[in-house]
Amino acid sequence: MTPLRGFLRFIFTKRIIKGVLPAISATATSICFILSIVTLAAFVYRIGVPTSSIENSLFCLLCNTFLNFFIFLTAVSVACALLLKRSIGKITAKAVYVLMLLRLLPAIVPVAPPYAWWETALVHIGGFYYGVFLLLATSVLYLSAGFARVLSANINPSKIIAFGFLSVISLGAGLLLLPNSSYAGVSVTDAFFVATSAVCVVGLSPFPINEVFTPMGQGILLSLIQIGGIGIMTLTCFFVFLFNGNVSTYSQMSLRDAVSSNLGVSLVGILKRIFWTTVSVELAGAFLIWLSVQGSIPGSQLYKIWFSVFHAISAFCNAGFSLFPENLGSPFLMGNNPFFIVISLLIILGGLGFPVLINVLSFVWLKGVAMLRRRRVYLPFNLNSRIVLGMTLLLVAGGTLAIAAFEWNRAFAGMPFADRVVQALFTSVSPRTAGFSSIPVTGFTIQTTLLVIMLMWVGGGAQSTAGGIKVNTLAVLFAGLVAGARRTDKIELAGRRISGISVIHALAVILLSITVIFVFTVAILFLEPELPPLNLFYEVVSAVSTVGLSLDTTQLLGADSKWLVMSLMFIGRVGAITLIWGMMKEKDRSLYSYPTESIIIN
């Protein structure tokens with residue numbers, strides 16, 4: 001080989017590696033992303049629509065064809081990555097590649113060896129169910145890669161959160177509209193209403209869930225509740241890190257601020273803690289509910305397990321959906337105090353917020369280990385945890401005492417002493433912001449109704465599954481009132497000075513909340529003039545606070561009013577201030593500042 005020929009070959013090879021191979025890899029990945037969407041759509045159609053034998057045969061052919069495309073394009077993409085000396089993904093992605101190689105074994109080993117177990121293994125590997133599993137795993141892999149590209153584009157996280165919620169709501173409404181999701185079908189407006197209520201963990205519904213939706217529809221509803229409870233951004237980043245791990249530093253810092261910035265661990269560690277904390281609490285709650293309903297509700301053990309799981313997730317996510325037409329006021333549950341105590345605990349834990357919940361569970365775990373080893377443990381609670389825990393205890397205790405005083409001889413009349421106490425506790429906990437009801441809220445006195453409205457407006461802790469203005473905001477507001485009474489500009493709380501930006505955010509949240517409630521109340525009063533104003537005001541506060549309680553008004557609303565309530569639920573879950581951040585461009589004034597001047601305020 002002449003030196004000139006070798007040089008040209010070297011240049012040509014480098015040009016291919018630097019120019020052509022990345023384009024080939026990107027094209028293969030993009031095709032796989034599109035195939036993933038089509039594949040999942042085909043599975044949804046197969047499960048949600050009654051199909052004939054011909055359609056089933058076409059579905060099987062489509063699965064085999066798409067799987068072959070996936071294997072070929074993945075091989076091309078992996079080969080390009082190896083030639084370019086790039087990473088081929090995390091261990092989960094590599095596991096999917098290994099499963100693809102196993103799928104090729106029946107073709108590589110055409111003659112069955114003399115071992116019966118090997119022959120059986122080859123039959124299963126080349127079978128339909130293994131192919132379906134591999135197809136779904138590959139689709140999730142490439143969808144996570146697509147989400148990673150979105151999160152690496154330095155897009156405003158507020159826009160991603162808002163668009164993510166809208167996308168999941170639309171997808172959930174489409175799934176609920178499938179023939180197999182309901183017994184007699186639902187309208188488009190009702191499907192979007194229930195999907196919005198589930199994703200925004202509200203709990204408002206124009207009809208009883210168990211009477212309209214089939215077990216498949218109830219499963220879809222529960223999935224939407226879980227997605228909405230954990231959070232779109234959190235769940236998306238979890239799957240991206242699980243399969244890809246390629247997220248920009250900007251998106252990581254934004255998500256860290258959205259989830260928690262005080263845990264002292266990496267973003268991956270935060271996501272893992274959120275995931276395992278959610279799973280652990282919900283499983284423990286489901287087990288306790290299952291124990292409490294033995295002998296109370298009719299049905300098989302399988303139904304009781306499903307009942308327990310559904311209500312545990314609904315309670316922890318503060319959703320308020322129930323499988324009984326009377327919500328939790330069913331005759332099968334009345335007097336079952338352990339059940340209501342477990343539900344109350346799940347609501348409180350879900351309303352604390354993941355940073356506070358992780359802080360509390362870590363303290364309990366370390367305290368238990370220290371007691372076994374006869375050692376002392378010191379795990380300080382940060383200011384946010386102390387505020388949330390203190391305000392939660394104050395609101396729950398104060399609400400319980402007030403409701404017991406208002407309803408002891410009215411709504412709770414005729415109940416045993418223990419039942420009255422438990423019902424007063426449950427009625428105080430549920431408006432913040434689960435929306436479960438064991439006693440019809442239409443039977444409460446006006447004093448209790450106004451108290452419930454206040455509790456709904458306050459809500460739970462920041463970065464939690466609860467809604468409302470959040471107890472953190474209320475605590476900062478009280479601290480500001482104290483500072484104003486003392487005529488000082490130093491706002492202090494629990495031995496700490498509150499930053500000015502926190503005070504500004506608190507005031508903005510309160511002002512936006514009051515404005516939204518006022519505007520939407522006026523609008524719905526205009527659309528529903530025949531309904532009582534208090535009922536409509538109650539509905540508005542319940543929707544924007546993502547509670548789900550209603551004075552028997554939801555089913556009476558017209559289509560236009562339902563879309564307004566849907567908008568309220570969306571604003572309440574995403575946050576009005578988050579939507580404003582997504583629409584406005586942040587202005588940097590770090591290089592200069594205006595002169596300071598006082599304003600007269602009486």
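This is a predicted model: local features need pLDDT of at least 70, side-chain atom pairs count only at pLDDT 80 or more; totals for chains, interfaces and linings use all residues.
The chain has 602 residues, and 48% of them count as buried. Its secondary structure comes to 24 helices and two strands.

**S344 and helix 18**

- Leaving out residues up to four places away in sequence, S344 touches F426 and V429.
- F426 and V429 are both among the buried residues of helix 18, along with D419, R420, V422, Q423, A424, T427 and S428.
- The cover over the buried residues of helix 18 includes helix 15, helix 17 (383-407) and helix 19 (446-458).
- Helix 18 covers residues 417-429, and its 13 residues should span 18 Å at 1.5 Å a residue; the end C-alpha atoms are 19 Å apart, so the two values agree.

**The nonpolar cores**

- The largest nonpolar core holds 121 residues, and the ones touching the most other members are I225, I289, F307, F339, I343 and M569.
- Apart from that core lies another one of 27 residues, with A42, C63, V96 and L105 among them.
- Take I225: setting aside neighbours within four places in sequence, I225 is in contact with A198, V201, I313, S314, C317, A319 and F321.
- S308 is found in helix 14 (residues 301-316).
- S308 counts as buried because its relative accessibility is 1%, and the cut-off is under 20%.
- Not counting residues up to four places away in sequence, S308 touches A286, I289, W290 and V293.

- How many salt bridges does the count come to? The answer is one.
- That salt bridge joins the side chains of K562 and D190, at 2.8 Å from N to O.
- The pair ties together distant parts of the chain: K562 is in helix 23 (residues 559-574) and D190 is in helix 8 (residues 188-199), 372 residues apart.
- Are K562 and D190 buried or exposed? Both K562 and D190 are buried.
- As a general point, side chains of opposite charge can pair when their charged atoms come close.
- Helix 8 is mostly covered, with ten of its twelve residues buried.
- The buried residues of helix 8 are T189, D190, A191, F193, V194, A195, T196, S197, A198 and V199.
- From first C-alpha to last, helix 8 reaches 16 Å, close to the 16 Å expected at 1.5 Å a residue.
- Just after helix 8, V201 takes a positive phi of about 45 degrees.

**Helix 21**

- Helix 21 (residues 500-527) has 28 residues and reaches 41 Å from its first C-alpha to its last, close to the 40 Å expected at 1.5 Å a residue.
- V503, A506, I510, S513, V516, I517, F520, T521 and I524 are buried in helix 21.
- Those buried residues pack against helix 19, helix 20 (471-485), helix 22 and helix 23.

**On the surface**

- I446, L450, L534 and F537 make up a nonpolar patch on the surface, with about 330 Å² of accessible area together.
- Helix 19 and helix 22 (533-544) are the elements that give two or more residues to the nonpolar patch.
- F537 lies in helix 22.
- F537 counts as partly exposed because its relative accessibility is 31%, between the 20% and 50% cut-offs.
- P440 is in the loop between helix 18 and helix 19.
- P440 is exposed, because its relative accessible area is 57% and the cut-off is over 50%.

**The chain overall**

- Among contacts with a separation of 6 or more, 71% are between residues 24 or more positions apart.
- The accessible surface of the chain comes to about 30500 Å², and 69% of that belongs to carbon and sulfur atoms.

Notes. Residues are numbered from 1 along each chain as its sequence is written. Side-chain values use heavy atoms; hydrogens and water are left out. Contact means heavy atoms within 4.5 Å. A nonpolar core is a set of buried Ala, Val, Leu, Ile, Met, Phe, Trp, Tyr and Cys residues joined through side-chain atoms within 4.5 Å. Buried means under 20% relative accessible area, exposed over 50%, partly exposed in between (1.4 Å probe, protein chains only). Helices (H or I, at least four residues) and strands (E, at least two) are DSSP runs, numbered from the N terminus. The expected span of a helix is 1.5 Å times one less than its number of residues. Patches are made of residues with over 30% relative accessible area and no salt bridge: like charges are joined within 9 Å, nonpolar side chains (Val, Leu, Ile, Met, Phe, Trp, Tyr) within 5 Å. Accessible areas come from the Shrake-Rupley method with a 1.4 Å probe; for residues, only the protein chains shown count as cover. A salt bridge is a side-chain nitrogen of Lys or Arg within 4 Å of a carboxyl oxygen of Asp or Glu.
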